[in-house]
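Reader: I should like to learn how to read the features of a protein model. Please take me through one.

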Amino acid sequence: PFQAHITIARFREPIAHAHLLLFQQFWENSCPTFEATQEIDHLTFYQSNLTTQGPIYKVVTRVRFQ
């Protein structure tokens, strides 16, 4: 079944801290406000490793809400 998700950022190769700061500035200027309503009971944080066969996902942590 469909599971909603948000990709914060994805980079195909390691990047310098300066590039991350440029991305942050772009994001803040492009998306100054964001509004949505959704009921959730947990967040799952994944690490993805991009390979030539496709991404490999690893669960980093899961936070459940009461």
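Reader: Where is confidence lowest, and where is it highest?

Author: The predictor's confidence in each residue is pLDDT, from 0 to 100. Where pLDDT is low, the predicted coordinates should not be read in detail. Here the protein averages 82, and 95% of the residues score at least 70. Helix α1 (residues 17-30) has the lowest confidence, at a mean of 84, and β2 the highest, at 91. Helices (H or I, at least four residues) and strands (E, at least two) are DSSP runs, numbered from the N terminus.

Reader: How many bridges join β1 to β2?

Author: Two strands pair if DSSP finds at least two bridges between them. In this case 10 bridges join β1 to β2, and the two strands run antiparallel. They form a hairpin with 2 residues between them. Within the pairing, Thr-44 stands opposite Arg-62, and Gln-47 stands opposite Lys-58.

Reader: Which residues does Gln-47 touch?

Author: Contact means heavy atoms within 4.5 Å. Leaving aside residues up to four places away in sequence, Gln-47 of strand β1 touches Ile-56, Tyr-57, Lys-58 and Val-60. Gln-47 and Val-59 are 12 residues apart in sequence, yet their C-alpha atoms are 6.4 Å apart in space.

Reader: Why is Gln-47 called partly exposed?

Author: Buried means under 20% relative accessible area, exposed over 50%, and partly exposed in between (1.4 Å probe, protein chains only). Gln-47 is called partly exposed because its relative accessible area is 45%. Leu-43, also in strand β1, has 37% and is partly exposed.

Reader: Which strands supply the nonpolar patch?

Author: β1 (42-51) and β2 (54-64) each supply at least two of its residues.

Definitions and conventions:
Residues are numbered from 1 along each chain as its sequence is written. This is a predicted model: local features need pLDDT of at least 70, side-chain atom pairs count only at pLDDT 80 or more; totals for chains, interfaces and linings use all residues. Side-chain values use heavy atoms; hydrogens and water are left out.
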